[in-house]
Amino acid sequence: MLRETLKKDIDQLSESQLQAISDCVNAVKAQAPPMAESLPFWQHATPTERSQDFRQWVTHLPNTAVTLDDDAFDRGSIYE
């Protein structure tokens, strides 16, 4: 409803008034962060971008060369 009212009001403005409105809108846009930057990466990234980001993150993990023995992966050993 507000949008339609504003559209009607804008149609009646002079060029100098429209320029003032344009300047005001640009000032408001400059104050607000872009939507993509205000959202967490995982919400706006594509699956490929998320995958690449995860793979890059994994490369920064320490490589301890410590592995679990095969018994650690045995389902029965969970309950021991």
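These are my notebook entries on a few things I looked up in this structure.

**Entry 1: confidence**
I began by reminding myself that this is a predicted model. I looked up the mean pLDDT of the protein and found 85. I also noted that 92% of the residues reach 70 or more. Which element has the lowest mean pLDDT, and which the highest? Helix α3 (residues 35-38) has the lowest, at 62, while α5 has the highest, at 94.

**Entry 2: a salt bridge**
I looked for salt bridges next, and the count came to one. Its partners are the side chains of Lys7 and Glu4, with 3.8 Å from N to O. Where do these two residues sit? I found both in helix α1 (residues 2-11), three residues apart, so about one helical turn separates them.

Then I wondered: is Lys7 buried, partly exposed or exposed? Lys7 has 45% relative accessibility, so I wrote it down as partly exposed. Glu4, at 44%, also counts as partly exposed.

**Entry 3: an aromatic pair**
The rings belong to Phe54 and Trp57, and their centres are 5.8 Å apart. Why is this pair called tilted? The planes stand at 35 degrees, which lies between the 30 degrees for stacked and the 60 for edge-to-face, so tilted is the label. I traced Phe54 and Trp57 to helix α5 (residues 47-59), where they are three residues apart, about one turn of the helix. That is the helix I had noted in my first entry for the highest mean pLDDT.

Terms used
Residues numbered from 1 in each chain as written. Predicted model: local features only at pLDDT ≥ 70, side-chain atom pairs only at ≥ 80, totals over all residues. Heavy atoms only, no water. Salt bridge = Lys/Arg side-chain N within 4 Å of Asp/Glu carboxyl O. Helix = DSSP H or I, 4+ residues; strand = E, 2+ residues; numbered from the N terminus. Buried < 20%, exposed > 50% of the residue type's maximum accessible area, 1.4 Å probe, protein only. Phe/Tyr/Trp six-rings, centres within 6.5 Å; stacked < 30°, edge-to-face > 60°. pLDDT = per-residue confidence, 0-100.
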